[in-house]
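This report looks at salt bridges. The sequence and structure come first.

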Amino acid sequence: MDTLDELTLGLRPKGRSLLTADWLLAHRDGGHVLHRRGELVIEGNRVLYAGPCFDGPVARRIDFGAALISPGLIDLDALSDLDTYSLVLDNQPGWSRGRICPETYTPYEMYSQGELAFQKRYSFATLLLNGITTALPIASLYYREWAETAAEFDAAADAAIDLGLRVFLGPAYRSGGTVVDRDGAFHMRFNETRGFAGLAVARDFIRRRAGDGGGLVQGLLAPDRVETNTPALMQATIVAAEDLDVPVRLHMAQGKLEVETMRRLYDATAAEWLVSLGCFNSRLIAPHGTHATDSDIGLYADNGVTIAHSPLVSARMGSVLKSFAGIRKRGVNIGMATDTAPPDMWMNMLAGLIACRIADGASDAALSADFFDAATLGGARALKRADLGRLEAGALADIAIFRLDDPRMVPTVDPITTLVLGGNGKITEAVFVDGRLSMRRGQVAGMDMVQARAQAQAQFDGLVAKYPERSWRHPPLDQLFRPSFPII
């Protein structure tokens, strides 16, 4: 019997590797199935076998013991910068902390290109640490001059290839943004020319980089938020998506301000507006859906639009999907997203499960397995990739191994229920992406995570220091971010 330590971190093992553990989650007849002491055989970048006992020669056998061998998790809205969410809570509205610029502020790039490249690399490493093997990166445009650039996404593609993470990438763009006047009233400021320039940058990036890294890098069009796009830019985006054969991720139905803005601009909800433009179809992946109306949900179902559900972030803002179970029953595909740091998908599944049961007023409204399906098969459906989110012969060898014997966890009867109700990303033992060992016991290929965490803190401190200049009425730092308790 070989050990995990005998594999070289960052490389694909030569020959056939047989992985076994107390539990294997394989795929059969369209759904996940559990095998006690199951065996998974991978060769190259593919799964050769997933089932009870493999009858064939292998180069090595690795037994993970009390663990679950699982398909890697799919994150449809994965943070790729330093999480500024902590800057919007707890004691005053988030918009007043620089999330919406005052009219008098002239936006500029608050990070250098080198800092942006580091953030992509650092965040990609944290995804691997949490068992996420496929990610659609997302970053805030609040601290940007306008949109994301090709240079930082070339660096992101290189980082994904280097670290061994499957990504769907494209620089975010927009044709407008919200500003606040001296009285605290919100206004939209549009520049459609810049929006089309951003689309051109994204289109060129996808043509250059899609397929790189043996297919680890794929394309994504990311027109930021629904209210920041003009009708012409949205229609051009859908045409480009068809031409490039890529998904489109568009944040929508996520907050009161968006709902009010769309009603003021177009007298419609986001879904109604997109349907009227002919832009609501199965290419669309739409975080977050918490402010979608009952009629909107019908439009999602009729047009094959996926909701990227990030229950933890939504719950922090005081909103929930209404409801996960009800929306699935209406035929809407739901995938999971973290959209925050740490990118802990297990924590998100638990938050989603609790929120669903509260929203429906029933303890059996949804099960742990439903959320795990969303974090694997739901994401794969959104991306139209039948070779992801499952472990069966012919699927890509994107694998996560989660420990079940952590002393802080309860004894296991069913591994999925145990992990959703009592696990977290810290119990991720190892991750294979495309057959390559990308993470092992907290180590990521090509990264010193301790040094990287210190570098991230230094960058974050520098960003915070700049927030008074871009915040409404420019309050001093100690008023913007008051401590939870007095500091003595």
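## Overall count

The whole structure holds 33 salt bridges. The model is predicted.

## Arg121 and Asp162

Arg121 pairs with Asp162 in a salt bridge, and their closest N and O atoms are 2.7 Å apart. Arg121 belongs to helix H1 (residues 113-129) and Asp162 to helix H2 (residues 150-163), so the bridge ties together parts 41 residues apart in sequence.

Arg121 has 22% relative accessibility and counts as partly exposed. Asp162 is also partly exposed, at 37%.

## Asp398 and Arg166

A salt bridge joins Asp398 to Arg166, with 2.8 Å between the closest N and O atoms. This pair links distant parts of the chain, 232 residues apart. Asp398 sits in the loop between helix H11 (368-383) and strand E19 (399-403), while Arg166 is in strand E11 (residues 166-169).

Are these two residues buried or exposed? Asp398 is buried, because its relative accessibility of 5% falls under the 20% cut-off. Arg166 is buried too, with a relative accessible area of 2%.

## Asp405 and Arg403

Asp405 forms a salt bridge with Arg403. The closest N and O atoms lie 2.8 Å apart.

## A network

Which residues are linked in a network of salt bridges? They are Asp154, Asp158, Asp204, Arg208, Arg209 and Asp212.

Technical notes. Residues numbered from 1 in each chain as written. Predicted model: local features only at pLDDT ≥ 70, side-chain atom pairs only at ≥ 80, totals over all residues. Heavy atoms only, no water. Salt bridge = Lys/Arg side-chain N within 4 Å of Asp/Glu carboxyl O. Helix = DSSP H or I, 4+ residues; strand = E, 2+ residues; numbered from the N terminus. Buried < 20%, exposed > 50% of the residue type's maximum accessible area, 1.4 Å probe, protein only.
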